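Colleague: I have not looked at this one before. Can you put it on the screen and take me through it?

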Amino acid sequence: MSELQIIGAPQSNYVWVSRIACHEKGVPYTLVPAMPHTAEIDAIHPLGKIPALRHGDLTLAESRAICFYIDHAFDGPPLVSRDPAEGARTEQWISIVNTHFDVLVARPYVGAYFFPGTSDGSPNRLIIESALPKLDAQFTMLDRAVAKTGYLVGSNFTLADMNLLPMLFYLHHLPESGEMVRRNASLEAYYARHIARASVREALPPPFPGRATWTVEG
Ligand SMILES: N[C@@H](CCC(=O)N[C@@H](CS)C(=O)NCC(=O)O)C(=O)O
């Protein structure tokens, strides 16, 4: 069988999600570094976003589709329960994490530090300040969600957790959001436990340019 390729920059949280999925399923893969809006990515993703996947003749865009393929084309533990109710609850949390938490709240805040667009490259305080109340509310919601079992859904590490962990990693490393996570005891315990999981650590990205190192604890 041909090699499975995950194409994209390892710092992308969605590239990381796709790689965690491979590790959880025990699927061998090669990471092919590529940036958004390059010819290789534009040939696969209609909006030029990463990650993309190549497996033989198959190419795919969008991390949810990529993870669906990884989950269904290979043996190994399901990333999303095949039980209809449990599986639907997992999809519910994937959707909340990706369409609300990530896109609307976390991404602008994280981007204001790593891609600030300011003349001197300093963090974009305007965007940061406007994101803080929304971030606070999202952390309260997530804290409540993981309080009972230590997972977003049921008592297993699912694709919903895989989607949350990479973004939570970046937020944990930034000052205001890191402080907020630490104030939410259940979410902090959730983060500490799952960031240490082998599948998550094995795909830990290198630092963004300008940052010396990551620490998993930091
Ligand atoms: N819905 C997409 C989102 C992917 C995404 O936003 N990727 C970012 C990097 S983390 C990207 O390519 N950004 C470039 C852009 O949006 O132009 C997925 O789940 O794969």
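Modeller: Two strands pair if DSSP finds at least two bridges between them. This is a predicted model, where local features need pLDDT of at least 70 and side-chain atom pairs count only at pLDDT 80 or more, while totals for chains, interfaces and linings use all residues. Residues are numbered from 1 along each chain as its sequence is written, and side-chain values use heavy atoms, with hydrogens and water left out.

Colleague: How many residues sit between strand 3 and strand 4 in the hairpin?

Modeller: There are 2 residues between them, and Gly56 in the turn has a positive phi of about 60°.

Colleague: Which strand does strand 3 (residues 52–55) also join, running antiparallel?

Modeller: Strand 1 (residues 4–7), through 4 bridges. Ala52 in strand 3 is the bridge partner of Ile7, and Ala52 also stands opposite Ala61 in strand 4.

Colleague: Zooming out, how many helices and strands are there?

Modeller: The protein has 9 helices and 4 strands; helices (H or I, at least four residues) and strands (E, at least two) are DSSP runs, numbered from the N terminus. The order from the N terminus is β-α-β-α-β-β-α-α-α-α-α-α-α. The radius of gyration is 17 Å, close to the 17 Å that the globule rule gives for 218 residues, so the protein is as compact as a globular protein of that length. That radius is taken over C-alpha atoms, and the globule rule is 2.2 Å times the number of residues to the power 0.38.

Colleague: What does the C-alpha trace span along its principal axes?

Modeller: About 50 × 45 × 30 Å. Buried residues make up 51% of the 218 residues, where buried means under 20% relative accessible area, exposed over 50% and partly exposed in between (1.4 Å probe, protein chains only). Of the contacts with a separation of 6 or more, 65% are between residues 24 or more positions apart; a contact means heavy atoms within 4.5 Å.

Colleague: Which residues of helix 8 are buried?

Modeller: In helix 8 (residues 185–195) they are Leu187, Tyr190, Tyr191, His194 and Ile195. Seen down the axis of helix 8, these buried residues fall within an arc of 105°, so they line one face of the helix. The arc is that of the directions from the helix axis to the C-beta atoms.

Colleague: Switching to rings. How many aromatic pairs does the count come to?

Modeller: The count comes to 7 aromatic pairs. Rings of Phe, Tyr and Trp (its six-membered ring) pair if their centres lie within 6.5 Å; planes under 30 degrees apart count as stacked, over 60 as edge-to-face and the rest as tilted. One of them is Tyr69 with Phe74, with centres 6.1 Å apart and planes at 85°, so that pair is edge-to-face. Phe74 is partly exposed, at 23% relative accessibility.

Another pair is Phe114 with Tyr170, edge-to-face because the centres are 6.1 Å apart and the planes are at 70°. Phe114 lies in helix 4 (residues 84–114) and Tyr170 in helix 6 (residues 159–173), so the pair ties together parts that are 56 residues apart in sequence.

Colleague: Are Phe114 and Tyr170 buried or exposed?

Modeller: Phe114 is buried at 17% relative accessibility, and Tyr170 is buried at 3%. Trp16, Phe114, Phe169 and Tyr170 form one aromatic cluster.

Colleague: What is Asn13 in contact with?

Modeller: Leaving aside neighbours within four places in sequence, Asn13 contacts Asp102, Arg107, Pro166 and Met167. Asn13 is found in helix 1 (residues 13–25) and is buried, at 5% relative accessibility.

Colleague: Last topic: how many disulfides?

Modeller: The count is 0 disulfides, a disulfide being a pair of cysteine sulfur atoms within 2.5 Å.
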